[in-house]
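Here's a quick tour to read alongside the model. Keep the 3D view open and find each piece as it comes up.

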Amino acid sequence: MNPSGRISPALFDLIVVGGGPAGLMAAKTAAERGLKVVLVERKKQIADVKRACLQILYRKWIAWDAYIEQVEAEINDGGAKIGFRGPGFTVDYRGPVKPYYHAVFVSPGGHCVYPLKDEPFGFWYSKDHLLRGLLAEAEKAGVSIYAGTVALAASDEGNRVRLSVSSPGGEEELAGRRLIAADGVNSRIVENLGLNASRKVFVRDFKGVARIMAGVNPAIAGHEKAWVSLNIPSIEAGRVGIGLWEGELKFVFSSYLSSYEKLRERFPRYAAWFEGARTVTSRGFSATVRTPLREPAAGNVMAIGDAAAPIETWIQGALACGYRAARAIEKELGGQDGYGPYQRWWQKAFFFNDPWYFRKRAAHTLFNMVCTDEELDYIYSLYEDKRVLPTLEFVRHPEIIQKDRPELYQKLTGALAKQAKWLEPILSVFPPESRLFKSRDEYLGPWQPYRVTAEE
């Protein structure tokens with residue numbers, strides 16, 4: 001660790017910008033393979049997580065989302081050994097673990113739909129503990145760590161990359177043979193190098209906030225092992241998500257900080273969930289949502305993890321990116337093609353590289369954007385006791401309401417048509433070969449991993 005923040009004039013094999021899961025995994029892997037590596041991170045305490053993050057390892061999920069390759073975990077008393085079958089590596093995680101067995105979606109009137117029930121689809125784990133372990137392994141492997149150092153701008157000069165940084169010791173310059181940008185969805189390096197020029201913007205300044213809370217008790221059977229999505233169109237955010245956290249704490253997420261107060265004021269049914277609750281800490285995020293970088297490697301620079309994604313790759317996807325990117329850099333420096341295999345893997349390993357992914361994301365917001373509370377109650381009542389995600393099941397079969405509620409049918413199908421029209425120019429940037437889904441309706445279905453074959 002470099003307490004002064006001053007940068008060595010030495011030429012590094014690899015500069016990594018960003019100390020999240022992708023950056024730390026890339027730095028430690030490259031150093032373990034014999035490369036001279038420096039990691040630059042703006043936070044002084046790299047393992048302290050400040051951004052809103054659900055922190056879950058998925059074995060499966062209720063819809064296609066983010067990272068395709070399934071991750072396996074052997075849980076033990078001190079944490080878990082996490083295995084990545086596709087890339088072919090493991091991560092030893094030391095920290096708390098809490099399993100998820102249910103995912104439940106709740107309407108304003110209390111109708112519950114369980115897309116997942118009584119099956120272990122993933123587990124919560126502490127990102128702080130994960131980063132702390134990766135950081136220790138990176139330092140042990142010989143990575144030079146520059147914490148509290150802001151990456152200002154990068155330039156690719158053909159035979160090397162230069163990075164300007166600002167630290168407590170002043171502004172300095174760092175030189176390396178290759179650079180990895182792993183500084184998140186709002187990557188300054190990706191923007192600075194002009195890599196965002198070809199990307200289409202969906203949403204600017206998309207925001208959300210999470211509270212880590214004590215005393216939250218949803219009146220839902222099995223909430224101690226559940227992800228609870230409370231959907232109420234009439235409140236500001238439209239949706240409040242409640243997930244697991246360490247001990248008796250809960251992760252409470254919405255698009256607006258005031259949402260759960262409004263929930264308590266206007267819906268006595270749910271006020272009891274938060275009676276006596278208190279906020280331990282709050283975490284937020286703000287991001288511009290773009291189409292992904294189809295080819296995230298150019299010249300001497302690679303953008304990995306969330307820096308190349310619309311908004312997130314999941315933690316497990318970020319770890320896979322870091323490992324594969326380090327191996328790609330190793331090959332490139334050895335005179336082999338490392339970028340090609342990495343980019344082919346990237347294009348197949350994340351659902352957001354298929355344009356239908358964005359149709360699914362848009363469809364998922366349909367009810368809360370268009371319905372009244374009463375209309376949402378009616379729709380959810382049709383799906384009770386069924387293993388479906390209500391929004392996506394409706395998109396697949398909208399005729400379920402056509403006979404009994406023709407006006408609602410017209411309103412919702414009309415909104416879907418408007419969404420599709422709005423998406424057309426944005427999705428035109430995807431080439432024909434980007435399709436990952438086999439059929440039109442497949443993108444509306446559950447996650448089916450193991451579509452990517454390891455390529456070294």
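Let's start with helix α8 (residues 356–364): seven of its nine residues are buried, so the helix is largely enclosed by the rest of the structure. "Buried" means under 20% relative accessible area, "exposed" means over 50%, and "partly exposed" is in between (1.4 Å probe, protein chains only). Helices (H or I, at least four residues) and strands (E, at least two) are DSSP runs, numbered from the N terminus.

This is a predicted model, where local features need pLDDT of at least 70, side-chain atom pairs count only at pLDDT 80 or more, and totals for chains, interfaces and linings use all residues. Residues are numbered from 1 along each chain as its sequence is written, and side-chain values use heavy atoms, with hydrogens and water left out.

**Around α8**
- The buried residues of α8 are W356, Y357, F358, K360, A362, A363 and H364.
- Two of these, Y357 and K360, turn up again in the contacts of D65, which also touches W314, F351 and R361, leaving aside neighbours within four places in sequence. Contact here means heavy atoms within 4.5 Å.
- D65 sits in the loop between β3 (56–58) and β4, and it counts as buried at 12% relative accessibility.

**The three-stranded sheet**
- Strands β4, β5 and β6 form an open sheet in that order, with antiparallel pairing. Two strands pair if DSSP finds at least two bridges between them.
- β4 (71–76) and β6 (89–94) are the edge strands with a single partner each, so one side of each has no neighbour in the sheet.
- β4 and β5 (residues 79–84) pair over six bridges, and N76 stands opposite G79 in β5.
- Helix α6 (residues 314–333) lies across β4, β5 and β6, running at about 130° to β6. For angles like this, axes are lines fitted to C-alpha atoms, for helices over the stretch in contact, and angles run from 0 to 180 degrees between N-to-C directions.

**Nonpolar cores**
- A nonpolar core is a set of buried Ala, Val, Leu, Ile, Met, Phe, Trp, Tyr and Cys residues joined through side-chain atoms within 4.5 Å.
- The largest one has 145 residues, and W61 and W345 are among those with the most contacts inside it. α6 gives the most to this core, with twelve residues.
- A second, separate core of 21 residues includes V216, I220, V228 and F274.

**Out at P425**
- P425 belongs to helix α12 (residues 406–427), and it counts as partly exposed at 49% relative accessibility.
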